[in-house]
Amino acid sequence: MSTLSPGDQSGADIVLVTCVKTKRDRPSPAKDLYTSALFRKQRAYAERSGVPWFILSAEHGLVAPDEWLAPYERYLPDMSKEFRSAWSAWVAARLEVLAGSLAGKTIEIHAGSVYLDAVRPDLEALGATVTDPLRGLSMGQRLSWYDAAGSESGTVELDVAAIVTNLRNKAAALSPGDFLAAGKAATDRPGLYSWWVDEAGAADLTRGLGTSVASGLVYAGLAGATRWPSGKRSQNTLWLRITTMHLGGSHEFSTFRRTIGAILASADGATRVDEERVTRWMNDHMRVVTTPYDDRDTLGQIEKRVLEALDPPLNLQGMQPTPLRRTLRELRIAVTRAD
């Protein structure tokens, strides 16, 4: 099951979207025949994906967006098991005709469970990987998911650029003590942050990793993003993330603390994370920049773009592999096994 965030492209080779009951009353190109809000959002998402996309039609099987169709009333859940089986084989065979061999391709499907469960076996039999990013979402959650995905716009581009500039601003970095002294009000909001290390701290990281780490920005993340695909709202804030998880928490509940703890343990020749050592070291050698961002629904999407721009050396998830990151993964596994 996929767990993509809205706007977080899956690396799909093909996108399939479902037909809907609400249609025009005259023949039209398939992409224009279906008129519901859900289909319009599915179509916009598929068109932005930049990959071939097609429509799953209960009446016509697989339909290309520009194929002309007359209105119809067939609904797949109303059809027999035998019809669905034949329909699925027809869809898979036609997709391979239109899109080429499906072996090794990822097909992202935006459809209800009846459509997806029917067609998945035949697509997988042809060697495709099927993903379902909206699995389990209600209609309202699906519409919200597409709204968030649709924020790939000039506004978001400007937001990303501004956030990257802010997070790179060394002059805005606060020591942990100064951050705490500033109080909760300034950062009791969702947003993004970047952690910076001084030269002495960079030397410790270099020793632990066996790979050179320069002083400066080494890690970035977010606090308070909506969890997709469930649509569950987070109540986390920058203040809570930094004070209770990074500076005062446990490495078992903080990716960042586990990373720092694993590196310091390696530098000290230890096998376990020393929580007091991590907190003390962070207070001595690190500074933090915060940038509030109140749109929780698109925050995960924003973070992805920000991390691509910043490429912090200690971030792992979704980042390009490097020798440093490979070593860091090994050190994190080592302390996990020792816990």
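In which helix does R332 lie? Select residues 323–338: this is helix α13, and R332 lies in it. Helices here are DSSP runs of H or I with at least four residues, strands are runs of E with at least two, and both are numbered from the N terminus.

Before going further, note that this is a predicted model, in which local features need pLDDT of at least 70 and side-chain atom pairs count only at pLDDT 80 or more, while totals for chains, interfaces and linings use all residues. Residues are numbered from 1 along each chain as its sequence is written, and side-chain values use heavy atoms, with hydrogens and water left out.

**Stay on R332.** R332 has 16% relative accessibility and counts as buried (buried is under 20% relative accessible area, exposed over 50%, partly exposed in between, with a 1.4 Å probe and protein chains only). Not counting residues up to four places away in sequence, R332 touches T255, R258, T259, A262 and L316. Contact means heavy atoms within 4.5 Å.

**Zoom out to the whole chain.** The protein chain has 13 helices and 10 strands. Its C-alpha trace spans about 70 × 40 × 25 Å along the principal axes. Of the 339 residues, 49% are buried.

**Select residues 275–285.** This is helix α11, where R277, V278, W281, M282 and H285 are buried. These residues cover an arc of only 130° around the axis, so they sit on the same side of α11 (the arc is that of the directions from the helix axis to the C-beta atoms). An α-helix has 3.6 residues a turn, so residues three or four places apart point the same way. Turn to the other side of α11 to find E276 and D284, which are exposed.

What do the buried residues of α11 pack against? Their partners are α7 (176–182), β8, α8 (199–209), α9 (238–247), α10 (255–267) and β10 (286–292). At the start of α11, look for D274: one of its side-chain oxygens comes within 3.2 Å of the backbone nitrogen of E276.

**Select residues 191–197.** This is strand β8, and S194 is in it. Is S194 buried or exposed? S194 is buried, with a relative accessible area of 0%. A polar atom of the S194 side chain lies 2.9 Å from the backbone oxygen of L167. Leaving aside neighbours within four places in sequence, S194 is in contact with L167, L217, Y219, A220, R287, V288 and V289.

Terms used:
A polar contact is a pair of N or O atoms within 3.5 Å; within protein, one must be able to donate a hydrogen and the other to accept it, and residues adjacent in sequence count only if both atoms are side-chain atoms.
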